[in-house]
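Student: I would be grateful for a close look at one part of this model. Please describe the surroundings of a single residue and then the elements beside it in the account.

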Amino acid sequence: MKKYEVLKQIENTGIVAVIRAENSKKAIEITSACINGGISSIEITFTIPKAHKIIEDLDNEFNDTILIGAGTILDSETARIAILSGAKYIVSPSFDLETAKLCNRYQIPYMAGCMTINEIIKAMEAGTDVIKLFPGGIFGPSFIKSIKGPLPQTIIMPTGGVNLDNVTEWIENGCIAVGVGSFLTNGSKKDITEKAKLFIEKIKKTKSKL
């Protein structure tokens, strides 16, 4: 799948499910519940033991029907392992220049965590595709407009602090998508699937009005 196709699919769905779990079995269960709820962009974090194997298994099972990305990537070495395992995009909690270079080299979308205008500009100059506003809960949805005032070209996806009560505001204020972790992934498989459906419904409704 080409880079622009990955980014477009994430934008169209409007949500990335951030999967953290104590083991592979639990991670796959959560992923399955999210997929059943209509979320097609899944971020497997490298805080999970053998995360690269989970990415490989999910990529083999679902191929290009969903997007499997790698999260909590701190360096280019880990990013390369994730890409070779089948990750279609790379997500970091902070900006890392060498990871940006590697992702650009292999035409893999890179989402780098940033908190300040200075960090955002440096990340964009290095070719970062999506600015991951992190942790989003510290700033809130109104901060998006503050960024897009001087930097209207910024492509932003907040992670942290996103829930069903504020997801509409995040999208309305100009986010390409939102990353949702524990608010979505905590609970039973049924609970996760129901929350996923509600997120998809709210985001789709909001985007249709923009």
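Predicted model: local features only at pLDDT ≥ 70, side-chain atom pairs only at ≥ 80, totals over all residues.

Tutor: Contact here means heavy atoms within 4.5 Å. Leaving aside residues up to four places away in sequence, Lys88 touches Val6, Asp59, Asp64, Leu67, Ile68, Gly69, Ile108 and Pro109. Is Lys88 buried or exposed? Its relative accessibility is 14%, and because buried means under 20%, Lys88 counts as buried. Two partners of its side chain can be named. The side chain of Lys88 makes a polar contact with the side chain of Asp59 at 2.7 Å, and the side chain of Lys88 also reaches the backbone oxygen of Gly86 at 3.0 Å.

From α4, the residues Ser76, Ala79, Arg80 and Ile83 meet Glu98, Thr99 and Leu102 of α5. Three residues of this contact are nonpolar, two are polar and two are charged.

Turning to the strands, β5 (residues 110-114) pairs with β6 in the parallel sense over four bridges. Within this pairing, Cys114 stands opposite Leu133 of β6. Strand β6 (residues 130-133) is covered on both faces, with Val130 and Lys132 buried on one side and Ile131 and Leu133 buried on the other.

Definitions and conventions. Residues numbered from 1 in each chain as written. Heavy atoms only, no water. Helix = DSSP H or I, 4+ residues; strand = E, 2+ residues; numbered from the N terminus. Nonpolar A, V, L, I, M, F, W, Y, C, P; charged D, E, K, R; others polar. Buried < 20%, exposed > 50% of the residue type's maximum accessible area, 1.4 Å probe, protein only. Polar contact = N/O pair within 3.5 Å; in protein donor to acceptor, adjacent residues only side chain to side chain. Pairing = 2+ DSSP bridges.
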